Each structure stands twice: as C-alpha cells, then as structure tokens.
Amino acid sequence: MFEFFYNRPYLLYSIIAGLFVMGIFGLVTMPKNLFPDSDRPKVIVVSTVPGATPANVAATVSKPIEEELSSLSLVREVSSVNIAGVSVVTAEFEYEKGLDAAAVDVNNAVNKVKAKLPADLNPSIYTAGAFTLPVDVVALSPKNENLSVADIRKIAEGDIKPELLRDTRIGNVEIFGGYQGAVTINVDPLKLKKYSIPLSKIGQIIFSVNKDIPVGFTLSKDTFYTITMYGEKDIIEELKQLPVAPNLRLSDVATVKWDYQKRFSAYLGNGKQSIALAIQRAPGGSVLDTSKAARETIKNLKQNYKNINFEITDTQRTLIETANTNMLEALRDAIIFTLIVILLFLGNVKAIIAALVSIPMVFCSTLAIIWMSGGELNMVVYTAIILALGMLVDDAVVVLENIERHLTELKNDLDTSIVQGTKEVIMPVFAGTIATSVVMVPFLFVGDFPQKIYRPLIGTLLIALAVSYFLSITFIPHFSKILYRKGHNKSKLEMVLENLYQKTIGRFINVYLGILRFSNGSRLKIFRKLILVIPLIIFFIFSLKNIMPVIGGDVMPPMDTGIIKAHVKFSTNETLETIEKRLSGFLKWLHQKDEVLTSSVAIGSEPGILSIGSGSLPTEVIMTINCVDRFSRKKNIWEIEDEIRKELSSLKHIVNVDVYDFGATAMSSIKATLDTRLYSNDYIYLPEQAKKVEQALYQVKGLKSITKSWDNDFVEIKLNINENKALGYGITPIEIAMQLPLKGYPVSLNGNLHTLQVQTLRLYATEPFSQEIDSLKMLPIDTKKGAIPLSQLATVSYNFTSSKIERDNMQYSLDVNGYRATRPMTMITDDANKKLKVLNLSGVKVSQEGDIKQMKDSFSRMIKAIGIGIVILTITLIAIYRTVILSLIMIFVLPLSMIGAAWGMLLFNKPRCMPSIIGILLLFGIIIKNSVLLIDFYQEFKKSGRGAFESAMESVRVRFRPVFMTAFGTIAGMIPIALEMAVGLERLSPLADVAVGGLLIGTILTLIYIPMFAYIFDRKK
C-alpha cells in the first residue's frame, strides 16, 4: 500500500480531498441526535370501551389481546394498562424483529382475536419508540376573548395539523389538551317520558337519518352518473329540525349545540390553558431537521392566525444543539491538549505540524465514511472521535520519528530515509492497529441494548483507526518531503523543549532500567522477581475486591440534561377543573425561578395520543420542565428537583409526587430506577401487599420518592339493581342500564364534505341527571307496567375500587417505583431487597424490574465480549509474532491495568457501568498497542545479535518516550470527557475516567513487566 500510493501522489491527494469534502458535507447534513435510538420495537393496541370499569376492561379486552400477542415470535414482553373505558396493551419486541414486522404481526393477531372481544370494539394499533417523544411541543392559546381554547382545538385539527404534515420532514403531529369537538345532544329524560319516546329510539333515528348513502349509478351509451342520498347534517339548525316522532322535532326533547366532549384531559403550556401540538419525527429521522421544518411552518402560521399565541413549551432541539456545540468545543480542546503533550514529550515542531494536518484529515475521513454508510451524529460518535485522538496521533508520530531517525542517525538522503523509515514501521504500526481493533470487534455483535448504544462508538473507533493507519503510511511520508525539505536541524525552541524533557520526564527512564537490572541481579534472582510480582498481584486483588463494592453500579450514570420530569397524582375523585386551579399557583412560582425556561403540563390522557399523557388518569399530571443548561446556572438539576418536589407536595389532595431527571432510567420502557413489581393472578391482593412494600422502601437511603402505579383509591358509585323487582316490572338490569345516558355515547358522525372534517355526535342526559346522583335516582325508567323512578328499582352505595389496573406477562401486576438522585442503583436495589426479605408478601410474586434487570443482562453480554476479544487478540498476536510466550506476556499486563481503572472510578466518584466497561475495552486497546511496539523492538534487537536482557533494556530505552507520549496524549485528549465539558457527557464520562486511571497505572506496568517477562521467558536467549 505504501509504495502504491507513494508513487501515485495525485491519486492519494485526490482521495484525501474527496474524503475531506464529503466529511464536511456529512458534518453539516447528517441527522443529529443526542444518543442513538435504543428503544426496542414497540406496538401499542388501544381499545375504547365506554363505561367499562378497569377490571372489566382488563378481563374482557386486554386479557384476550395479551394472550394472542404473547404467542408472536421475538416478543419480549406484553403488558397492559386498564383505566375506565380504555385498554392500552403494549407489546415490546426484540431488536431483531424490526418495527414494521412487529406492527404487521400485531395487526394480524388483533384481527385474529376480534371474535373474542366485545361486539363493535375496534382496536387501534400504533407503533412507538424513541420517535414517539415529541421533538417540539407547541402550545396554542388565545390572545384575546374573541377565541376560546375549544375553538383553537378545532382549528388545530382542521387546519394547523394538515399544514404541518405537508412537510415530509415531520413524521406526525398529535393534538392534546381536551376540548375535543362534538355536536352534543342533551336529551331531557322527563320530556322523553312525556312523549313516550324511549332513549334508544333517539339514538337510532340520528344514526339512521344522519348518514350519506350511496344509492347506485346510471350508465348509458354516452353518460355515467352516481346517485347518492346526502343525509349527513353538518348544520346545527338542521339537526334541531330532525323529526323524532310525528309533529315532534329533536329540539323539542333535547338541546343541540356545537360543544366539546366531557373533558378528561387538559394541557397547560407555560402556565396557560392551551392546546398542545406534539411534533414527532419519523423513525430514524433527525430531531433537528424535524424541528427546523416545524418552526418554519409555524412562523408562517403565526401570520395567518393572529389571534392565536404559539409558544414552544418543550423541545429536544435545545439540548441536542447545546450538546453538539459542546462536543465540537470539547474536540477542539482535546486536540489542543494532545498537541501540547506531543510538543512537551517530543520537542519536535514538525511532529506537531504533522499531527495538526493529520487530525482534521482523520476526522473528516471518518465522518465521510459514516455519512456514506447512512449514519448519524450524536454524542457517542463525537466521543469515539475524541477518544481516538491519542491513538491516531501516535501512528503519524511513529512514522515521522523513524524517518527522522534515518536522516539524523543513519545519515541517509531524504528520499531514502522516507522509503526505508516508513517500511520499517509498517509492520509494527499495522500489528498495533490490528491488535487494538480485534479487541473491539466482538462488541459490534454483543447484542441487545449494549450493541444498540455502543455499536456506533466501536464502529467509529474502528473507522478512525483504519483511516489513521492509512494516512500514516501514505500521507505522512509525502508530507515529510515538505517538512524536511530544508533539513532536519532542530530550532532553538525545539532544543529548549528537548532539554526540558531530558531534565524532567526523561530522567524516569533510569528508574525503569534500574528495576530491570534489579530483576536480573546475580543474587537471589527468583526472590527478586517474586518481590516485583507478588505485591502487584496482591494489590490487584485488593483493588478489585474492595473498590468495586464501594463505587456501586449503574447501567448508565445520572445525567444533568436540564430537563426535569414530574409525575403528580391527585385524589382520584378530583375534577379536572379543580386540578387546573391547584396547579396555577405552583406554575406561577415555577416560572419565577431563574433556572426555568419552559413548562409543559399534561393532565389526564386521550386515547391514541402516545406522546403526551399516555395512559394517565384524569387526576394524574405529567410535567416536563426545561431549565437553562448546567453551565449557565449555579444549582444542579437534583437541587432544583428537591425544590420542585417540596413545592408540589404542599398542594392540596396530593397523593404522590415523583420528580426526576430526564433520562433517569437506561431505557424509556423501564418505569423507574427501582421498580419493585408485584405479580398475582388476582388483582385484589396487590394493593394491600404493595402498601407493605412501599412502607419498607421508605427506609432505603437515596430514594427521593416512592409511588405505587395504581391503588384501590377511587370512590365508585355502585348501582345495586333489585333483579326480582326489575323482572316483576318486565325489565332486565341491562335494559335499565341502557336507559341511563351518562357515557356521552357517540351515536353518529357529522361530516363536512367541503372541509373533510368529521365530528362525532354525542348523546347525553341534561343536567342535573348527568351530574347529581340524587337527581339520577328520580330518572323515570320505562317498564312494561309504565314509567317508574330509578330509585324504585335500584339502590346506590359507595365503595373504593381500582382507578387503574395493570398487567404484565399475562398476570396482574403493580409496580412500586422509586426514583433516586445520584446514589448508585445497585446499592439502592441491594438495600431494597434486604428490606423486602423480612416482609410477609403471601399471594404475590416479587421481582425487581428496574435498571438492575437491564444492568445484569448488559454486563453479562459485555464481559463475554471482552473475554472473546482477548481470545481473538491472543490468536492474532500468535499469528503475527509466531510465538505463544511473547503473545501471552502482552496479554498478561491487560488485567493489571484494571488496578488503575478501579481507582480512577473511585477518584472521579463514578460507578461501574456500561461506559466504564467500554473504557476498559479502550484501555486494553491502547495498552496492547504499546505492548506490541515494545515486543516488536525487543525482537528487532534480538535479531541484531543482542541477548534477551540487553534487548529488553534497549526496547525500554527506545520506546519509553513514545509509550509515555501515547499514554499522556490519550489522557490529555480524554480530559474534556472526564471533566464532562459537554451537556450529556455525564453518561459517557466513566469511559474516560476508567481509561485515564488505567493508562496511568497500565503504562507504568507495561514498561516494567513486558520487557521483564520477555527476557525471563524467552526460550531463545
């Protein structure tokens, strides 16, 4: 490869220029997100069952659907949330299933199970994932009294949503906030009795008359016409005139008006009652592109709707733009720190120039390859590029140094020095690149969550390593012609730096040489070697055994993104209007805080709306609070959370308050950091046992809030029909229930053929029958013996029932969730399990379903990948160097670098986690590269006729400076990551913490034990 490109400079520079241009283009145009999409394929089946209780919904709808979905291939978990009138069944699949295939399978399964479901039930199917999270939430509120929130909802559905969806960059728009339009028909039951008209007849008339019916067509030789009877009434006045009996109009027995359905949801945007537009990206789409498209459209919409106030109340855009800017700044700082280290160690301005030129080339070439392969830019990719800096520079410097050695020591001419100097180091540089790569390759196929998150990081590192190797043996030789065209004499600055190095760091080489001489002393040789080895092994065991329990473990460490989530539960019999009033004071307090930018508050939920308030009860509130970034405020996010938690807890009739940071769990499908799930075949036992668990968890240190996912806390009015009396009047209990118009049941659809808007017609009882139980008792019921009051056939009682019922894996379940601030998750879970052991939880099964479950699976996969990588590495080294002993010696020092890794995590106060395991992998890659170069020089000196010990000593003399330069250059490049100099880097900083600590210790051990064991175990001494 070297000779091919060395003799074809125009081809080489054309390739480099092409990659450079494509890299810049990729940097500008590639999708940009915070982290790679890691949610598993998820399909949600939503069914509306008006008037049904949660228990009835669970038994008659969710259970049959769950059983059918559980039989699908690659399904991971099937769960359901059941609230009054609504069933939400969620099927989560393994990654390899794919979202489209999962949706098709679920659709087929639902069609198959329809025969087992209640009549007229039409389940809706939705796909969900990271793309479900709103890119932007836009709150629409009236600027003046000329427009109501209900009017805005209609405008949003009819005009604004279609306008947004016309832009292909926008995946979907969901509308939330109550005030769902409906033509309401409020029937007066007393008037119906007066005219002897049953309520069911009103519904039948509206349904049969208010309909467009295609009659047929006429076809002659020359003409073709369709014949249609238009019956739909899109004007309120026409509906009022609808005949319901001879000489009797609908308006005579009912009030007909344009209104909205009974509200079970509401939205408060920045403290104001609003309608929310949740703008979503398509699966795999770019957050920034979608946000840009939405804001461009909204800018135009503002001109058309001057009475509507448009406000951004929640967004991912700010976080991603801040993180991307921070990461580019961190990359800049990493380059500067790395170049300073190179200058201090080498005292060679030419090496600095070569590094300055090669780093942008490697950066742009790596981005070009990622762009061509359809990748995206995120924090993981940027981190990989920063991590690779030290290794990338090392390749270029090794080649440049060897060329300079030929010029200065061997006195060769420039062309000869370039050719011979490059050829001499091609093999060790190639071996180091291969050795570093093969350790990482198994992580590309580790599977499940770790592969989804870290495949871009490993892939980027491998690309950068390959590009670095290519440029070091092709571009650097050509560039050397320019650098050395005026000679190779050192400048005054270089002489000063060289002198500084020799008087400081350079003196430590004598320490290493002294240790090697001590190990090979003439007396007590074995004892001397044991003195050097045994304490090291003891310290290794001590570090791993004592440090790891102290630091604890997490799947991913906590992260201060500036986004706070709050889940608040009020008393389940509160009204929506009361909750809005209670929150108004809190929101006023919230927006007076300097740290707070925006607030997005959803109360309740709406069927089929997944992005906001999905599955919440009408008395549940989900808040998203956006704060200024952590570099612009004095308080960290957990301090702000404590203040918000305290303020919310002071509100009246609060049942539970959960306040936690965005990204508090490793995956969105994990409900809480600590999720203690109780299973039972009968849901009745769960709330009582959950109270015991909740009380026990209050004693666990580090938990900020504890919440049960549901409880028997809803006061229900139970209608007890006297069956004997009812049958005596010739009526059944079902027929009595059918005469109670309390559901707001949709009896027809109202369509406007010009605007293509469709509006439901809903049938209600007039006040006070629909609001007061005492009035309802007086409602006349038609029987075969005449009309009698409801109170003559039934009595009313009050009792507590479930406001929500959940199911998981075809069993009833209840989660007791706990949120933490920063205490490691393993410590919290261990303490929780100790508390639970002493409880008598008869009739239920207990399982920990929080982050700990994902952590165990991820750690197991990643440790196996490291083991496989070391095996492959050993085989590779044996194949390259054709010696088992020396290959095993290079492997031996890898575990010892874990000493520094453990102490690094302790000093930086970081838990063992997935990023720290990746850090260990990276650490092994750098250590093995230095070991390869040491062994390579050791073998070269052996070939020149020197003895084993002399060769070991000489390899230390020659490689001391490059090894330390690589180690400290890499450490310098990792400083921005270790110090978390970008928003979101908290999630990845343990990677750098491990590598920094491991490199400091591992480099010292490499220069001592690799040469020592090489000469000890070399059979060809």
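**View 1. Ile 977 sits in helix 30 of a predicted model.** Helix 30 covers residues 948–978. Helices here are DSSP runs of H or I with at least four residues, strands are runs of E with at least two, and both are numbered from the N terminus. Ile 977 is buried, with a relative accessible area of 0%. Buried means under 20% relative accessible area, exposed means over 50%, and partly exposed lies in between (1.4 Å probe, protein chains only). Beyond its neighbours within four places in sequence, Ile 977 is in contact with Thr 383, Ile 386, Leu 387, Leu 985, Leu 988, Ser 989 and Ala 992. Contact means heavy atoms within 4.5 Å. Ala 992 is 15 residues away along the chain, and its C-alpha atom lies 6.1 Å from that of Ile 977.

Residues are numbered from 1 along each chain as its sequence is written. In this predicted model, local features need pLDDT of at least 70 and side-chain atom pairs count only at pLDDT 80 or more, while totals for chains, interfaces and linings use all residues; side-chain values use heavy atoms, with hydrogens and water left out.

**View 2. Helix 15 bends at Tyr 454.** The bend is about 50°, taken as the angle between axes fitted to the seven residues ending there and the seven starting there. Pro 456 follows within four residues. Helix 15 has 36 residues, 448–483. From first C-alpha to last, helix 15 reaches 49 Å, close to the 52 Å expected at 1.5 Å a residue; that expected span is 1.5 Å times one less than the number of residues. Of the 36 residues, 29 are buried, so helix 15 is largely enclosed by the rest of the structure.

**View 3. Helix 15 crosses helix 26.** Helix 26 spans residues 851–881. The two axes come within 8 Å and cross at roughly 70°. Axes are lines fitted to C-alpha atoms, for helices over the stretch in contact, and angles run from 0 to 180 degrees between N-to-C directions. The pair is therefore roughly perpendicular, a label for 65 to 115 degrees; under 35 is roughly parallel, over 145 roughly antiparallel, and the rest oblique. Asp 448, Phe 449, Pro 450 and Tyr 454 of helix 15 meet Gln 854, Asp 857, Ser 858, Arg 861 and Met 862 of helix 26.

**View 4. Helix 17 packs against helix 18.** Helix 17 holds residues 509–519 and helix 18 holds residues 525–551. Their axes are 8 Å apart, at an angle of about 135°. The two helices are therefore oblique to each other. Ile 515, Phe 518 and Ser 519 of helix 17 make the contact with Lys 525, Arg 528, Lys 529, Ile 531 and Leu 532 of helix 18.
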